[in-house]
Amino acid sequence: MSIALPESSTTIDDVVARFEIHSTDTPLPADERAAAIASPKFGTVFTDHMARVTWTSGEGWTDRRVEKYGPLLLDPASAVLHYGQEIFEGLKAYRHHDGSVWAFRPEANAARFARSAERLALPVLPAEDFIGAAAALVRTDVEWVPDGEEASLYLRPFMYASEAFLGVRPSLEAEFLVIASPVGPYFAGGVKPVAIWVAQDFHRAGAGGTGAAKCGGNYAASLLPQTQAHEKGCEQVCFLDASTNTAIEELGGMNVFFVRADGSVETPELTGSILEGVTRSSIITLLTDRGHEVVERRILLSEVREGLADGSYAEVFACGTAAVITPIGRLAGEDFDLTIADGSAGSVTMTIRGELTDIQNGRAADRHGWMTRLV
Ligand SMILES: *Cc1c(COP(=O)(O)O)cnc(C)c1O
């Protein structure tokens with residue numbers, strides 16, 4: 001099977017073959033692995049190996065390998081530790097009923113990783129190496145891919161500036177890695193609507209900033225407002241645009257959708273300060289397939305407040321790879337507190353969630369060619 005890249009006849013076998021596999025002599029014993037997979041807490045358990053590619057300005061990308069998972073050797077002067085030159089991705093591998101393992105739209109993550117690299121002045125990793133690294137790791141650690149309902153192997157590709165140099169300029173050395181973590185259902189005991197706090201004093205990104213890049217710095221900047229949301233009894237924070245403080249942008253790590261009572265659906269348009277989610281784009285396609293009108297536009301908080309109060313907005317949900325779709329049951333800020341759909345999960349929200357997870361888990365036809373077989 002070839003990779004879903006334009007003009008490419010390269011197969012997964014081809015790109016995996018570029019990686020040298022150095023298997024660990026001390027994998028976790030099977031019973032301990034089974035226990036770790038059975039009830040993983042998100043992002044705390046990692047597989048036996050990691051994939052790795054090294055870059056230098058002189059030699060480009062070299063040393064494609066899979067090696068034992070373990071601590072990194074980092075010079076204290078490494079640029080990433082001082083100036084935050086780092087980017088990452090998040091995607092999942094799913095085990096289907098016949099035992100095969102598939103990734104969801106990895107070429108979209110590879111393309112976004114390349115855009116993030118350009119914005120952060122890091123080297124662009126070819127999409128074939130991005131997918132090859134993920135596939136080589138999943139093949140090596142295939143026994144770590146869970147097969148439970150809504151369980152998957154979460155893949156975290158990332159790149160950081162490794163040059164030991166305190167001057168301020170793009171690093172001449174970088175490391176790319178992929179690590180993997182088995183994850184269970186995001187919502188143990190059924191999908192639960194969350195409460196969202198709209199930040200008034202902090203912004204996630206501004207015009208010309210790094211909002212459209214998936215970089216660690218954006219997350220560092222979102223932690224304080226996130227903590228304040230928790231203090232207000234909310235699980236997540238929603239950011240407004242930095243220039244007018246009136247238009248809805250997104251959550252710290254998820255895009256947001258608004259379902260109107262007439263069935264049309266709205267989501268903030270990509271302005272350069274919003275992260276272009278793969279889940280977001282997939283949901284737009286699935287909604288359109290089902291006959292919903294989907295409008296990408298500038299959405300004011302004031303419109304949402306009025307629409308929720310008068311019933312013209314019926315459902316609100318957030319989306320991202322980790323939780324797929326999360327219904328929003330409450331939207332609150334300094335001078336308002338609104339309950340949505342009586343605090344329950346709406347029907348459009350849950351229908352689209354079911355459709356997307358059915359495709360990802362191989363229970364429904366992959367009619368858009370989104371799945372890439374890794375194993
Ligand atoms: C990763 C991310 C998302 C969701 O993107 P997906 O590709 O759907 O996982 C949304 N917003 C931000 C800020 C993100 O970092």
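A residue is taken as buried when its relative accessible area is under 20%. In this predicted model, Lys214 has a relative accessibility of 12% and therefore counts as buried. Lys214 is found in the loop between β9 (194-198) and α6 (216-231). An unreviewed UniProt entry annotates Lys214 as a modified residue, N6-(pyridoxal phosphate)lysine. Apart from its neighbours within four places in sequence, Lys214 is in contact with Ile87, Phe88, Glu89, Gly90, Arg112, Ser116, Tyr219 and Leu275.

Arg112 and Ser116, both listed among the contacts of Lys214, are also among the buried residues of helix α4. Helix α4 comprises 14 residues (106-119), which at 1.5 Å a residue should span 20 Å; the C-alpha atoms at its ends are 20 Å apart, so expectation and model agree. The helix is followed by Ala121, which has a positive phi near 55 degrees.

In soluble globular proteins, nonpolar side chains tend to be buried together. The largest nonpolar core in the model holds 46 residues, of which Met159 and Phe176 touch the most other members. Helix α5 supplies the largest share of this core, with eight residues. A second, separate core of 22 residues includes Ile196, Cys238, Met254 and Leu338. Beyond its neighbours within four places in sequence, Phe176 is in contact with Ala51, Arg52, Val53, Trp61, Phe113, Leu125, Asp129, Phe130, Ala133, Pro157, Phe158 and Met159.

Asp147 is placed in the loop between α5 (127-140) and β7 (152-161). Its relative accessibility is 64%, and Asp147 therefore counts as exposed. Between Asp147 and Leu338, which are 191 residues apart in sequence, the C-alpha to C-alpha distance is 38 Å. Leu338 is one of the residues included in the second core.

Asp262 lies in the loop between β12 (255-260) and β13 (265-268). Asp262 likewise counts as exposed, because its relative accessibility is 62%. Its side chain makes a polar contact of 2.7 Å with the side chain of Ser264.

Definitions and conventions. Residues numbered from 1 in each chain as written. Predicted model: local features only at pLDDT ≥ 70, side-chain atom pairs only at ≥ 80, totals over all residues. Heavy atoms only, no water. Helix = DSSP H or I, 4+ residues; strand = E, 2+ residues; numbered from the N terminus. Buried < 20%, exposed > 50% of the residue type's maximum accessible area, 1.4 Å probe, protein only. UniProt positions renumbered as here; feature names shortened; annotations may be inferred. Contact = heavy atoms within 4.5 Å. Core = buried A, V, L, I, M, F, W, Y, C linked by side-chain atoms within 4.5 Å. Expected span 1.5 Å × (residues − 1). Polar contact = N/O pair within 3.5 Å; in protein donor to acceptor, adjacent residues only side chain to side chain.
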